Amino acid sequence: MTLFDLPAYAGHESVHAFHDEKTGLKAIIAIHSTARGPAAGGCRMWNYESAEAALTDVLRLSQGMSYKNAMADLELGGGKSVIIGDSRTQKTPELFRAFGRAVDSLGGRYFTAEDVGVSVSDIMEAGKETRYAVGVEGSKAGSGDPSPVTAEGVFRGLKIAAKHGLGSEDLNGTTVALQGVGHVGAYLADKLHAAGARLVITDVNQEALRRVADKTGAEIVAPDDIFDTRAEIFAPCALGAILNEETLPRLKAKVIAGGANNQLATPEIGRAVFERGLVYAPDYVINGGGIINVASEVRGLQRDEAYDPQWVEGKLARLMETLDEVLARSAAEKRPTHEIADAIAQERIRAARG
Ligand code: NAD
């Protein structure tokens, strides 16, 4: 199968492969759409088993960014990058400098930022070679780590989903099963705890689990047991594709609302979630806070303005209204939430193309 025949390639404007022999960089940048503005989306470093697996991942993720940026009503298109390698053992400053040069060669059609396996300091290294690396600290427009804003959006979105699925936004006494207490999950745990929720948490990182449990009194369960946990809300904040044929029948929760990207293994699973009567907050809507924060930096750079928390708050509040609309329409039109969100995002991108 050629690149152009891959189902995930559909709709993409361009795909760019980079290899730097000196640093060992192997990276792919996918630009799904620049209709609404320059493409923006994070850089993921992952030990993919093959270049094909990396390609499929970056294509899926870049389309997701187009939809996410459109739903957050940002003047940005969608793109994403992946670096093939183990982020724990193969990271060097030179590698990220080479990645920065790769981003720069696209002349501003793509802005990069942090994603899984890539930290603020990695992006700042890339930023020594390009103006198109955002999510940095210490500069006038710099927006820093997007995770706290992502978690704030997920927290607000989770309450909206609770209103639709459980009849109340009040989380006092509600049990939340939280999968993954990394950057987003740990901030989210703090907020849920402060709102009076009872937490059941899991992670493969024992130290992260201990830290969150000590702070919040959360109960810890083994990674696979999170799907069988008695909870009103399931909040996935770790991996993609965790809603699948194996896990869905096990879930006890009425509401699924978490920060992880690509939660639905397939669109059909989204339909099955709906048919089981569960309220699912579409991932790329509820987790859009991080890209809003990053977008504020792109905007600041374009206008030579400082980071503007009020602009971020305005966009986040509007995104949460959009999530509320998506969930209300799902109930009224008897259609899965992800189909409604996809249709709104596609229409916004089409309108910009027109
Ligand atoms: P992270 O790497 O800091 O946290 C992920 C956590 O999941 C880690 O603690 C990891 O140990 C844990 N984990 C890995 N495998 C697991 C398993 N099998 N079971 C349970 N836990 C497991 O990443 P993050 O930045 O917190 O992002 C979490 C998710 O949210 C990702 O899907 C990411 O794409 C998405 N997301 C993040 C942001 C952001 O601003 N950081 C924005 C939008 C979406």
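The legends below describe close-up views of a predicted model.

**View 1**
The shell around the ligand holds 22 residues. T150, H183, V184, D203 and N261 come nearest. Sorted by class, the shell has 9 nonpolar, 9 polar and 4 charged residues. Helices contribute here: α4 and α5 (183-194) each supply at least two residues of the shell.

- H183: an N or O atom in the side chain is 2.6 Å from an oxygen atom of the ligand.
- S147: an N or O atom in the side chain is 3.2 Å from a nitrogen atom of the ligand.
- G182: a backbone N or O atom is 3.5 Å from an oxygen atom of the ligand.

The ligand taken alone exposes 820 Å², and the protein buries 80% of that.

**View 1. S147 in helix α4.**
S147 belongs to helix α4, which spans residues 147-166. Its relative accessibility is 8%, so S147 counts as buried, the limit being under 20%. Neighbours within four places in sequence aside, S147 is in contact with H183, V184 and Y187. H183 and V184 are also among the residues that come nearest to the ligand. The side chain of S147 itself places an N or O atom 3.2 Å from a ligand nitrogen.

**View 2. The open parallel sheet.**
Six strands form an open sheet with parallel pairing. Their order is β9-β8-β7-β10-β11-β12. The edges are β9 (219-220) and β12 (279-280), and each of these pairs on one side only.

**View 3. Strand β8 between β7 and β9.**
Strand β8 covers residues 198-202. On one side, 5 bridges link β8 in the parallel sense to β7 (residues 175-179). Within that pairing, T175 has R198 of β8 as its bridge partner. β8 also runs parallel to β9, joined by 2 bridges. There, V200 is bridged to E219 in β9. Of the 5 residues of β8, 4 are buried, so the strand is largely enclosed by the rest of the structure.

**View 4. The hairpin of β1 and β2.**
Strand β1 (residues 14-20) and strand β2 (residues 25-33) pair antiparallel over 7 bridges. H16 has I29 of β2 as its bridge partner. The hairpin has 4 residues between the strands. G24 takes a positive phi near 85 degrees in this hairpin.

**View 5. Strand β5 and its partners.**
Strand β5 spans residues 77-84. Of its 8 residues, 7 are buried, so β5 is largely enclosed by the rest of the structure. β2 meets β5 in an antiparallel arrangement with 6 bridges. I31 has G79 of β5 as its bridge partner. Strand β3 (residues 39-40) runs parallel to β5, with 2 bridges between them. In that pair, A39 stands opposite G77. Strand β4 (residues 43-46) also runs parallel to β5, joined by 4 bridges. R44 is bridged to V82 in β5. In general, strands of a sheet pair through backbone hydrogen bonds, either parallel or antiparallel.

Technical notes. Residues are numbered from 1 along each chain as its sequence is written. This is a predicted model: local features need pLDDT of at least 70, side-chain atom pairs count only at pLDDT 80 or more; totals for chains, interfaces and linings use all residues. Side-chain values use heavy atoms; hydrogens and water are left out. Buried means under 20% relative accessible area, exposed over 50%, partly exposed in between (1.4 Å probe, protein chains only). Contact means heavy atoms within 4.5 Å. Two strands pair if DSSP finds at least two bridges between them. A residue is near a molecule or strand if one of its heavy atoms lies within 4 Å of it. A polar contact is a pair of N or O atoms within 3.5 Å; within protein, one must be able to donate a hydrogen and the other to accept it, and residues adjacent in sequence count only if both atoms are side-chain atoms. Accessible areas come from the Shrake-Rupley method with a 1.4 Å probe; for residues, only the protein chains shown count as cover. Ala, Val, Leu, Ile, Met, Phe, Trp, Tyr, Cys and Pro count as nonpolar, Asp, Glu, Lys and Arg as charged, and the others, Gly among them, as polar.
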